[in-house]
Amino acid sequence: KWYACFSCEVEPKALPATGKSVGIDVGLEKFAALSDGAFVENPRFFRKEERSLAKAQRKLSKYPKGCRERHRAKKVVARVHERVRNRRHDFAHQLSRRIVNEHDVIAVEKLATDNMLKNHCLAKSIADASWTMFRHCLSYKAESAGRRVVEVNPSYTSQDCSGCGYRAKKPLKERWHHCPMCGLSLDRDTNAAMNILRLGLQSLAGIPA
């Protein structure tokens, strides 16, 4: 494969102000919930390629080390991994560009992804979601466009009501937020995204959480 790379020195150019701010709550069922009520579906690129990868790896295991057939089979396995990586990369770039273009302030969770990957039940799904890649793309695109990305502590953002602040504990399987105090009823992840946005704006204003 051949690639042509052009290296250019350009000055960062701020995008026109939009007057909009957004909070983003990432997850596994949905890739992200936005504070405006929109959702980004989880593409699950690795999950979609698992069958192809398993087939390629079975063929690879049949051949003895050092033979020509094994060398070819290894290339097939590598191509599947490359295809997954390229799709994740394109998804992260496209989504981060759209969010940066449309919002002046972007509030996100401060996640310890490395620690989360120690959960063997969720590690594959978390790695497939590629939150770290998305955050990296979001951060440098926002910086070059004159946008603000602010990280907030994600603790209790799913439990607190974005309408009145009442904290009601609920299990992870409960996907709908219904506040017994003010009656606010909406998707759990949307509620969390709204809380993330509120905390982000408070942080920028110097107001303690």
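This report walks through the fold, the cores, the cysteines and a few individual residues of one predicted protein model.

## About the model

Because the model is predicted, local features need pLDDT of at least 70 and side-chain atom pairs count only at pLDDT 80 or more, while totals for chains, interfaces and linings use all residues. Residues are numbered from 1 along each chain as its sequence is written, and side-chain values use heavy atoms, with hydrogens and water left out.

## Overall fold

Let's start with the big picture. The protein chain has 6 helices and 7 strands; here helices (H or I, at least four residues) and strands (E, at least two) are DSSP runs, numbered from the N terminus. Read from the N terminus, the order is β-β-β-α-α-β-α-α-α-β-β-β-α. Along the principal axes, the C-alpha atoms fill a box of roughly 70 × 50 × 25 Å.

Contacts (heavy atoms within 4.5 Å) tell you how the chain comes together. Among those in the protein chain with a separation of 6 or more, 64% join residues 24 or more positions apart.

## Surface and charge

Of the 209 residues in the protein chain, 39% count as buried. Buried means under 20% relative accessible area, exposed means over 50%, and partly exposed lies in between, with a 1.4 Å probe and protein chains only. The protein chain exposes about 13500 Å², and carbon and sulfur atoms supply 54% of that area. These areas come from the Shrake-Rupley method with a 1.4 Å probe; for residues, only the protein chains shown count as cover.

The protein chain carries 39 positive and 22 negative charges, and their mean positions are 9 Å apart. For this count, Lys and Arg are positive and Asp and Glu negative, with His and the chain ends not counted. Each charge is placed at NZ of Lys, CZ of Arg, CG of Asp or CD of Glu.

## The nonpolar cores

A nonpolar core is a set of buried Ala, Val, Leu, Ile, Met, Phe, Trp, Tyr and Cys residues joined through side-chain atoms within 4.5 Å. The largest one has 31 residues, and the members that touch the most others are Ile24, Phe31, Leu95, Ile99, Ile106, Phe134 and Leu138. At least two residues of this core come from each of β1 (21–26), β2 (30–34), α1 (45–62), α2 (68–102), β4 (105–109), α4 (123–129) and α5 (131–145). Helix α2 gives the most, with 9 residues. Apart from this core lies another, of 6 residues, including Val105, Val150, Val152 and Ile196.

Leaving aside neighbours within four places in sequence, Leu95 is in contact with Phe31, Val40 and Phe134. Ala92 is found in helix α2 and is buried, with a relative accessible area of 0%. Ala92 and Met133 are 41 residues apart in sequence, yet their C-alpha atoms are 6.6 Å apart.

## Cysteines

How many disulfides does a search of the whole structure find? The search finds 0, where a disulfide is a pair of cysteine sulfur atoms within 2.5 Å. The sulfur of Cys179 has its closest cysteine sulfur in Cys164, 3.5 Å away, so the two are too far apart for a bond. The sulfur of Cys182 is 3.6 Å from its closest cysteine sulfur, in Cys161, which is also too far for a bond.

The surroundings of these residues are worth a look too. Cys179 is buried, with a relative accessible area of 2%, whereas Cys182 is partly exposed, at 41%.

## Two positive phi values

Most residues other than glycine have a negative phi. Arg44 has a positive phi, near 50°, and sits in the loop between β3 (39–41) and α1. Arg44 is partly exposed, with a relative accessible area of 34%.

Ser130 also has a positive phi, of about 50°, although it is not a glycine. Ser130 is found in the loop between α4 and α5 and is buried, with a relative accessible area of 10%.

Lys59 belongs to helix α1 and is partly exposed, with a relative accessible area of 45%. The C-alpha atoms of Lys59 and Lys75 are separated by 11 Å, and the two residues are 16 apart along the chain.

Ala78 is in helix α2 and is partly exposed as well, with a relative accessible area of 44%. From Ala78 to Ala56 is 22 residues in sequence and 9.4 Å in space, C-alpha to C-alpha.
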